[in-house]
Amino acid sequence: MRKITDEFVDSVNAELWQEGVDKYGSKFSLPKDLEKEINETIRALYVLQIWQRNGSSGNPLSQLSAYSVSENVAQNVVAQYLGDKYIKQLEKEKSEKTEKRKDKWDSFIEWANENEGKEFTTEQLEKQSGFSYQTTLTYVKTSPVFEKVKKGKYRVIPIDDRVRKK
């Protein structure tokens with residue numbers, strides 16, 4: 001990993017502007033988009049400098065995001081000056097995110113569809129759903145997937161019967 005100093009940022013800044021001048025003839029002829037990208041790249045390098053000064057803890061892409069550096073510039077700067085390992089690390093973290101509430105309910109309903117016609121206690125349904133007792137009980141009472149057999153006991157309604165009840 002490269003140490004980002006003021007001198008390094010200044011040299012990158014000069015290099016980027018020189019490339020633009022070589023391509024377009026004058027720094028006043030540069031397209032506004034390119035100017036923005038150069039300025040955003042330099043700002044990203046200063047943010048990375050702060051990140052390094054604070055011990056390089058966490059993912060630098062998160063730090064850049066906290067400073068509102070655009071995602072494509074952030075990824076380019078990190079890949080070019082720090083290496084791809086941080087980008088791969090962030091992608092891995094995103095893929096390992098916790099299961100969302102909607103996904104839990106969807107898997108619970110899918111499980112219920114696989115067990116149609118069977119009876120379960122509220123405690124069994126609570127364990128299967130992964131939600132609290134009260135949340136599960138409220139859902140089971142209002143859901144078209146379950147019917148009450150007796151207190152604390154519910155049956156999964158077969159899919160064909162659910163369609164007819166509607």
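Ala, Val, Leu, Ile, Met, Phe, Trp, Tyr, Cys and Pro are counted here as nonpolar, Asp, Glu, Lys and Arg as charged, and the others, Gly among them, as polar. The model is predicted, so local features need pLDDT of at least 70 and side-chain atom pairs pLDDT 80 or more, while totals for chains, interfaces and linings use all residues. Residues are numbered from 1 along each chain as its sequence is written, and side-chain values use heavy atoms, without hydrogens and water.

**Exercise 1. Describe the lining of the largest pocket by class and by element.**

Step 1: start with the term. On a 1 Å grid over the protein atoms alone, a pocket is an open set of points where a 1.4 Å probe fits, with protein on both sides within 12 Å along at least five of seven lines; lining residues have an atom within 4 Å of a point.

Step 2: look up the volume, the space filled by probe spheres set on the points, with grid points joined across faces, edges and corners. For the largest pocket this is about 260 Å³. Of its 14 lining residues, Leu16, Glu19, Leu34, Glu37 and Ile38 are closest to the centre.

Step 3: sort the lining. Seven residues are nonpolar, four polar and three charged.

**Exercise 2. Which element gives the most to the lining of the second largest pocket?**

Step 1: this pocket has a volume of about 160 Å³. Eleven residues line the second largest pocket, with Leu61, Ser65, Glu71, Ala74 and Leu90 nearest its centre.

Step 2: H3 (60–66), H4 and H5 (85–95) are the elements that give two or more residues. With four residues, H3 gives the most.

**Exercise 3. Which residue has its charged end over the ring of phenylalanine 131?**

Step 1: apply the test, NZ of Lys or CZ of Arg within 6 Å of the ring centre and within 35 degrees of the ring normal.

Step 2: lysine 104 passes, with its charged end 5.0 Å from the centre of the ring.

**Exercise 4. Work out the strand order of the open sheet and find its edges.**

Step 1: two strands pair if DSSP finds at least two bridges between them. E1 and E3 (residues 153–156) run antiparallel, joined by three bridges, and E2 and E3 pair in the antiparallel sense over four.

Step 2: the order is therefore E1-E3-E2.

Step 3: check the partners. Lysine 153 in E3 stands opposite threonine 121 and is also the bridge partner of lysine 150. Two residues separate E2 and E3 in their hairpin, where glycine 152 in the turn has a positive phi of about 80°.
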